[in-house]
Amino acid sequence: MDNCIFCKIAAKQIPSKLIHEDEDLLAFHDINPAAPVHFLIVPKKHIATLADCTTDDQALLGKMFLLAPKLAQQLGCGFSMENGQPTGGFKTLFNVGPNGGQEVYHLHMHVLGGPRPWNRS
Ligand code: 5GP
Ligand code: ZN
């Protein structure tokens, strides 16, 4: 998609701090982090918003959700139980449309974690 910043990142026309790449997905650090760890999971395929996903995208969405805890763990903000107490953890979110606060119209999952307080959210 022309003039889409995340398509350009996927095509390596714009640099990013890449965390993960496979045939369907990219993950990279957010340029303006709202938490000590803040990265984005982005499909290589251009889909504008979560509201544009169809049943054809079910497996892709599932893959995004399963990647989030794996990468959070790698980046030190995984969730675990320690001595019976929940520890660590992260937040996932999709902003959808102007009222959802979406600024980049290429589907992405935010993953935010690390010790609180955070800058935002
Ligand atoms: P949205 O508000 O659309 O859900 O979030 C877009 C996110 O993309 C924002 O958190 C913003 O900081 C991030 N972002 C925008 N442009 C770039 C960029 O060129 N590189 C990276 N790594 N993140 C970006
Ligand atoms: Zn795009």
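Where does His108 lie, relative to β6 and β7? Good morning, everyone; let me start with that one. His108 lies in the loop between β6 (90-93) and β7 (109-113). When I say helix or strand, I mean DSSP runs, H or I of at least four residues for helices and E of at least two for strands, numbered from the N terminus.

Before going on, some housekeeping. This is a predicted model, where local features need pLDDT of at least 70 and side-chain atom pairs count only at pLDDT 80 or more, while totals for chains, interfaces and linings use all residues. Residues are numbered from 1 along each chain as its sequence is written, and chains are lettered from A and ligands numbered from 1 in the order in which they are written.

UniProt, in an unreviewed entry, places the feature "active site" at His108. Its positions are given in the numbering used here, feature names are shortened, and annotations may be inferred rather than shown by experiment. Is His108 buried or exposed? His108 is buried, because 25 other C-beta atoms lie within 10 Å. The cut-offs are these: buried means 20 or more other C-beta atoms within 10 Å of the residue's own, exposed means 12 or fewer, and partly exposed is in between, with C-beta atoms placed from the backbone. Not counting residues up to four places away in sequence, His108 touches Phe6, Leu40, Ile41 and Val42. Contact here means C-beta atoms, placed from the backbone, within 7 Å.

Staying in that loop, let's look at Val104, which is also found between β6 and β7. Val104 counts as partly exposed, because it has 15 C-beta neighbours inside 10 Å. Leaving aside neighbours within four places in sequence, Val104 is in contact with Ile5 and Phe6. The C-alpha atoms of Val104 and Cys4 are separated by 8.0 Å, although the two residues are 100 apart along the chain.

Val104 brings us to the ligand. Which residues are the closest to ligand 1? They are Ile31, Asn32, Asn95, Glu103 and Val104, out of 13 residues that surround it; near means a C-beta atom, placed from the backbone, within 6 Å. By class, that shell has five nonpolar, six polar and two charged residues. Ala, Val, Leu, Ile, Met, Phe, Trp, Tyr, Cys and Pro count as nonpolar, Asp, Glu, Lys and Arg as charged, and the others, Gly among them, as polar.

Now the sheet. Five strands form an open, antiparallel sheet in the order β1-β2-β3-β7-β6, where strands pair if DSSP finds at least two bridges between them. The edges are β1 (18-21) and β6, each with a single partner strand, so one side of each is left without a neighbour in the sheet. On average, neighbouring strands of this sheet are turned by 15° against each other, direction ignored. At the β6 end, β6 and β7 pair in the antiparallel sense over four bridges, and the bridge partner of Lys91 in β7 is Leu112.

Lys45 is partly exposed, because it has 15 C-beta neighbours inside 10 Å.

Then there is the hairpin. β4 (79-82) and β5 (85-88) form it with two residues between them, and these strands pair in the antiparallel sense over four bridges. Met81 has Pro86 as its bridge partner in β5, and Phe79 stands opposite Gly88. In the turn, Asn83 has a positive phi of about 50°. Asn83 counts as exposed, because it has 5 C-beta neighbours inside 10 Å.

Asn3, in the segment before α1 (5-10), has a phi near 65°, a positive value in a residue other than glycine. Asn3 is exposed, because 6 other C-beta atoms lie within 10 Å. Finally, a cis peptide bond joins Arg116 and Pro117, with omega about 10°, and Pro117 sits in the segment after β7.

Key: Contact = placed C-beta atoms within 7 Å. Axes fitted to C-alpha atoms, helices over the stretch in contact; angles between N-to-C directions.
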